[in-house]
Amino acid sequence: MIKSLIQSMAVCPDMNKVYPKIDYGKGVYIYDQNGKRYLDGSSGASSVSNIGHGRSEIADVIHEQVSKISVLPTHAFSSGVVENYLDRLVSFAPAGFSKAWTVMSGTEAVESAVKLALQFHQIRGDFGRYKVISRWNTYHGNSVFMLDIGGMKIRRELYSQWLNNFPHISPAYNYRRPDGLSEEEFVQSLLVEFETTIVKEGPKSIAAFVAEPVIASAMGAVPPPANYFVGISRICKKYGILFITDEILTGFGRTGKNFGMDNFDVVPDIIAAGKGMSGGYFPLSAVIASSHVTQPFVDTKTTFLGGYTFACNPVGCAVGNAVMDILERENIIANAQKMGALFLEKLKVLNEFEIVGDIRGVGLLCGVEIVQNKYTKEPFPASLAISKLIGEKAIKKGVVLYPGRGSVDGLLGDHLQITPPLVINEEQLDEIVDVLKECLKEVMSEIKKTTVSYESIES
Ligand SMILES: Cc1ncc(COP(=O)(O)O)c(C=O)c1O
């Protein structure tokens, strides 16, 4: 069981598979050794190459910074390039944020944010707060600790004996909200579930709540229903729980705003960012904290115990700085907003296919959910690996998607996440839509020919 689940995941290089070898990338395209061109509708491992591939000016920045200094004895020194970039990160965050530092991966950033929350409570004498609430079917990183906080059953199963320390609540999955509930009633039920969980666990035992603004790869770009996060934030404040937003995938323009949560009128206490902040030109992630979280550390002269060898690395900061220059100079976040709205409109043409259940997203974080029956929303059996099949077909036709599954209950449910570089133009969006149409058409006819279970689609 575990073996087959792991084989079906799209993320890691598969030891049993020979991948086409990519030679280089330029803009939204990557090119393999035979010169075949692919539109990178995934942007690396989803939402990384936000500024596009092959920016030689970043190579120059790296060369210049490495020639000067590539690593600092950070226990004793800082540097201008680091300080300037950290200040810039703080300015990029909502008002009220005061400190930032960088680490290397998204997993490290979210874990650091959680550790910061724990230590915040400790230094204020709130020793009982250690639990973290998060949501099922969400991903917050691949260390054992972050798998425990996250809610992806497929990824958790192998490590289950090491996990299950923290409570989880339902994701806000509007497409599959219970029949008969309005969106408003659904939100109310989710908020009741959150508050009930807090009360049951003991409000004084909860350190933080962690959520992605738009649930990305684990569910395929699921936006929250209206006012959901306003309610979540209110409940966090009521019980003294820190609200951490995992903006690893949604940050730095992906949703058409600086951060994904900026779309929902809510300011969190701590932000974890990664992926697109370096455009993929250097492993870089960050924690950005609001002043009311950092002030107790200042007042009590307490050091945050979150150090890493490559924290606040000057090369990473130089790259991050150059990426922000490009984002601003080329108005890339505005392009993401404009192209995102257009793309969602264009994707609606896929509704003509019986197996397209939902089309959703925010900005250029878009998803298509594939179902066996549009009307009952019944998913395909996991054994058919439909999203993977569509993803493979798309690659053959020159478009890279990010297929995934598990949105229904952690195991069932197929989706295609689409997160092209934010520099994409309308013609290139059409290229993705055309390939998607061809793939869906082919898959429909193949399923009709081969599966017994397909009968239910037509009944
Ligand atoms: C929402 C979210 N959080 C955390 C992570 C972990 O980031 P990384 O793979 O850089 O450790 C990811 C990676 O896909 C992610 O999408």
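This is a predicted model: local features need pLDDT of at least 70, side-chain atom pairs count only at pLDDT 80 or more; totals for chains, interfaces and linings use all residues.
Student: How do strands of a sheet pair?

Tutor: They pair through backbone hydrogen bonds, in either a parallel or an antiparallel sense. In this model, four strands make up an open sheet with mixed pairing, in the order 1-2-3-13. Strand 1 (22-26) and strand 13 (399-400) are its edge strands, each pairing on one side only.

Student: How many bridges join strand 2 to strand 3?

Tutor: Three bridges join strand 2, residues 29-32, to strand 3, residues 37-40, and the two run antiparallel. To find the place by eye, look for Y31, which stands opposite R37 in strand 3.

Student: Which way do the side chains of a regular strand point?

Tutor: They alternate between the two faces of the sheet. Take strand 15 (residues 414-418) as the case. D414, L416 and I418 point one way, while H415 and Q417 point the other way.

Student: Are the residues of strand 15 buried or exposed?

Tutor: Five of its five residues are buried. Here buried means under 20% relative accessible area.

Student: Which strands pair with strand 15?

Tutor: Strand 12 (residues 365-370) pairs with strand 15 in the antiparallel sense over five bridges. In that pairing, I370 stands opposite D414. Strand 14 (residues 402-405) also pairs with strand 15 in the antiparallel sense, over four bridges. There, L416 is the bridge partner of P403.

Student: What should I know about the turns of a helix?

Tutor: An α-helix has 3.6 residues a turn, so residues three or four places apart point the same way. Helix 11 covers residues 314-329 and has 16 residues. From first C-alpha to last, helix 11 reaches 22 Å, close to the 22 Å expected at 1.5 Å a residue.

Student: How many residues of helix 11 are buried?

Tutor: Twelve of the 16 are buried, so by the under 20% cut-off helix 11 is mostly covered. Among the buried residues are P314, V319, M324 and L327.

Student: Which residues surround the ligand?

Tutor: The surrounding residues are S105, G106, T107, Y139, H140, G141, E212, D246, I248, L249 and K275. By class, this shell has three nonpolar, five polar and three charged residues.

Methods. Residues are numbered from 1 along each chain as its sequence is written. Side-chain values use heavy atoms; hydrogens and water are left out. Two strands pair if DSSP finds at least two bridges between them. A residue is near a molecule or strand if one of its heavy atoms lies within 4 Å of it. Ala, Val, Leu, Ile, Met, Phe, Trp, Tyr, Cys and Pro count as nonpolar, Asp, Glu, Lys and Arg as charged, and the others, Gly among them, as polar. The expected span of a helix is 1.5 Å times one less than its number of residues. Buried means under 20% relative accessible area, exposed over 50%, partly exposed in between (1.4 Å probe, protein chains only).
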